[in-house]
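Hi,

Here is the structure I promised to pass on.

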Amino acid sequence: NLILAFESSCDETSVAVIENGNKILSNIVATQIKSHKRFGGVVPEVASRHHIEQVTYCIDDALCEANVDYDDLDAVAVTYGPGLVGSLLVGVTAAKTVAYAHDLPLVPVNHMAGHIYAARFAGELHFPALALLVSGGHTELVYLSGPYDFKIIGETRDDACGEAYDKVGRVLGLTYPAGKQIDEMAHKGHDTFHFPRAMEKEDNFDFSFSGLKSAFINTVHHADQIGEKLDENDLAASFQQSVVDVLAEKTVRCLKEFPVKQLILAGGVAANQGLRTRLDEELQAFDDVELIKAPLRLCGDNAAMIGAAGYEAYLAGIRGGLDLNADPSLEFDWI
Ligand code: ATP
Ligand code: MG
Ligand code: FE
């Protein structure tokens, strides 16, 4: 089974060829970060224009690198939400065009399902499974009772985790996106500021990161006003410790309430070294739960993960017609 997969939900144009849902024959990722950096975030109008420029080159490169032809393909998979509508539409239109021209089934894929299935490239998935999904726009605990069956157990009530990283990074004068750099700084500092750990002890599976973000920003601004110089590595370490503590605590509580075979760590923030190490440690207390982490290079947006999820969706009989539309606020159901 060969799937041509498309991802264009935000600021990466990506096309991949995936064999049997778990082998990457090619995964072309054209990132637009350079164009958005000077604005400190993704500018939707700029993003969709870049997608239009890039998408056909990405298709050619993906097929060429995989050494396959349109005739070899079994299906076309595409992210149709959530994300920026103008960006999503480019991938959806390209995928529909290929599907129509070559008479291939079209498989619509939820971008967040894609992030979860990036873990498929780290090993086989076993169900039931719990996913800690941490990205630029989402922070969720997702229960999978079986393949391609997703129910939200808890989520952030305000900022997403990656969003908080990027916003505090801005205050430190770091370039967008700041997650990786803060992660690196955190390893050179210590938790000297003890920022709040919102909702950590609350008996639910939800998160909140806006209070932490505000505490961080207030601390930096206050120091600026009185002319005090704070240690930026300690600020980063303190911020990261708060984030990791809350994510770990809630995930562990969730594992106790919903017994599963695997914990899947996925999403852009799953690249965080502090979080990866901490979950390794926490999982030692769970004999029967295996931790499966999305491979580092597949944590951020890419079409390979859409191909992996698309393969499962294809097997589940999920199909889109030529009337498939982008759904910018597409969500999983609640448990
Ligand atoms: P979504 O998937 O929710 O639609 P998105 O696609 O924009 O949002 P991703 O590409 O999954 O988000 O992840 C990007 C986010 O990951 C950014 O906020 C970035 O700062 C963050 N990030 C990347 N690497 C790290 C890291 N090592 N530590 C913390 N955050 C990181
Ligand atoms: Mg991105
Ligand atoms: Fe994403």
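Predicted model: local features only at pLDDT ≥ 70, side-chain atom pairs only at ≥ 80, totals over all residues.

Along the principal axes, the C-alpha atoms fill a box of roughly 65 × 45 × 30 Å. In secondary structure terms, you'll find ten helices and eleven strands.

On the annotation side, an unreviewed UniProt entry lists residues 23-307 as "domain: Gcp-like". That span is 45% helix and 17% strand, and its end C-alpha atoms are 9 Å apart.

Ligand 1 has 25 residues around it, and the closest are Gly136, Gly137, Gly162, Gly179 and Gly268. Sorted by class, the shell has 14 polar, seven nonpolar and four charged residues.

The unreviewed UniProt entry also gives a "binding site" at His111, His115 and Asp301. These are spread over 191 residues of sequence but cluster in space, with a largest C-alpha distance of 8.7 Å.

Now for some helix packing. α6 also meets helix α8 (residues 232-257): their axes come within 7 Å and cross at roughly 105 degrees. That angle makes α6 roughly perpendicular to α8. On the α6 side the contact involves Ile182, Asp183, Met185 and Ala186, while α8 brings Glu232, Asn233, Ala236, Ala237, Phe239 and Gln240. By class, that contact has six nonpolar, two polar and two charged residues.

A few backbone details to check before you set anything up. Which peptide bonds are cis? One runs from Gly81 to Pro82, with omega near -10 degrees, and Pro82 sits in the loop between β4 (75-81) and α3 (85-101). Another joins Tyr176 and Pro177, with omega about -10 degrees; Pro177 is in the loop between α5 and α6. Asn67 has a positive phi, near 60 degrees, although this residue is not a glycine. You'll find Asn67 in the loop between α2 (44-66) and β4.

Cheers

Key. Residues numbered from 1 in each chain as written. Chains lettered and ligands numbered in written order. Near = placed C-beta within 6 Å. Nonpolar A, V, L, I, M, F, W, Y, C, P; charged D, E, K, R; others polar. Axes fitted to C-alpha atoms, helices over the stretch in contact; angles between N-to-C directions. Helix = DSSP H or I, 4+ residues; strand = E, 2+ residues; numbered from the N terminus. Parallel < 35°, antiparallel > 145°, perpendicular 65-115°, else oblique. Contact = placed C-beta atoms within 7 Å. UniProt positions renumbered as here; feature names shortened; annotations may be inferred.
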